[in-house]
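Let's take a walk through the charged residues of this chain. Have the sequence and the model open as you read.

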Amino acid sequence: MKRVAQFFKVSYENFAGAVQGDFPEYSDAEIRDIYEGIRLPRRATRGSAGYDFFAPFAFRLAPGETVKIPTGIRARIDEDWVLKLYPRSGLGFKYRLQMNNTVGIIDSDYYNSDNQGHIFIKMTNDTNEDRTVEVARGTGFAQGIFIEYGITVDDEADGVRNGGLGSTTGQ
């Protein structure tokens with residue numbers, strides 16, 4: 001098996017800023033506690049393809065609601081590899097919990113972005129059965145899979161990333 005990446009936590013300052021922006025109900029002490037409890041993604045079994053991402057804090061999604069979770073995680077990924085993010089299979093199957101961009105794409109150069117390559121996961125409860133999703137702190141809610149990719153023979157991309165969502169296209 002190829003070893004192509006490593007997970008790290010973003011700095012406390014980065015994480016705290018992200019949480020304060022979207023979850024102002026948390027105090028500084030609570031954010032510090034949440035940060036200290038962040039678990040790096042890991043595979044559950046030897047045969048697992050996906051690395052489970054664990055909820056840094058509990059969240060609840062009623063039907064149609066959306067949440068953007070700052071994971072506190074970044075990934076250093078070898079060139080020619082990408083991390084693809086999906087909801088955990090059970091949550092998608094039971095609740096139709098879906099990622100807002102269908103599949104999250106974490107490029108290898110995202111690690112060096114101004115935001116430290118902080119991985120955010122935005123999900124929506126798209127149930128058609130009127131079911132509320134409750135995810136406890138520390139529960140696996142998403143999974144990431146490393147995939148090798150190729151480029152075209154005439155590719156001449158030479159841009160440099162400096163940011164997150166839409167940063168390479170200016171959107």
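How accessible is D126, and does that make it buried, partly exposed or exposed? This is a predicted model, and in it D126 has 32% relative accessibility, so D126 counts as partly exposed. Its partner is R96: the two form a salt bridge, with the closest N and O atoms 3.0 Å apart. R96 sits in the loop between α3 (89-95) and β7 (97-99), while D126 is in the loop between β9 (120-125) and β10, so the pair ties together parts that are 30 residues apart in sequence. R96 is partly exposed too, at 34%.

Overall, the count comes to 8 salt bridges. Another one joins D22 to K68, with 3.2 Å between the closest N and O atoms. Here helix α1 (residues 12-22) provides D22 and strand β4 (residues 66-70) provides K68, 46 residues apart. D22 is partly exposed at 38%, and so is K68 at 35%.

Then there's R137 with D33, closest N and O atoms 3.0 Å apart. R137 is in the loop between β10 (133-135) and β11, D33 is in helix α2 (residues 28-36), and 104 residues separate them. R137 comes in at 38% relative accessibility and D33 at 45%, which means D33 counts as partly exposed.

D154, D155, E156 and D158 form a negative surface patch. E156, in the segment after β11 (140-148), is exposed, with a relative accessible area of 70%. D52, in strand β2 (residues 51-54), is buried at 11%. Among the residues D52 touches are R42, R88 and Q143.

Conventions:
Residues are numbered from 1 along each chain as its sequence is written. This is a predicted model: local features need pLDDT of at least 70, side-chain atom pairs count only at pLDDT 80 or more; totals for chains, interfaces and linings use all residues. Side-chain values use heavy atoms; hydrogens and water are left out. Patches are made of residues with over 30% relative accessible area and no salt bridge: like charges are joined within 9 Å, nonpolar side chains (Val, Leu, Ile, Met, Phe, Trp, Tyr) within 5 Å. Accessible areas come from the Shrake-Rupley method with a 1.4 Å probe; for residues, only the protein chains shown count as cover. A salt bridge is a side-chain nitrogen of Lys or Arg within 4 Å of a carboxyl oxygen of Asp or Glu. Lys and Arg count as positive and Asp and Glu as negative; His and the chain ends are not counted. The place of a charge is taken as NZ of Lys, CZ of Arg, CG of Asp or CD of Glu. Helices (H or I, at least four residues) and strands (E, at least two) are DSSP runs, numbered from the N terminus. Buried means under 20% relative accessible area, exposed over 50%, partly exposed in between (1.4 Å probe, protein chains only). Contact means heavy atoms within 4.5 Å. Lists of a residue's contacts leave out its neighbours within four places in sequence.
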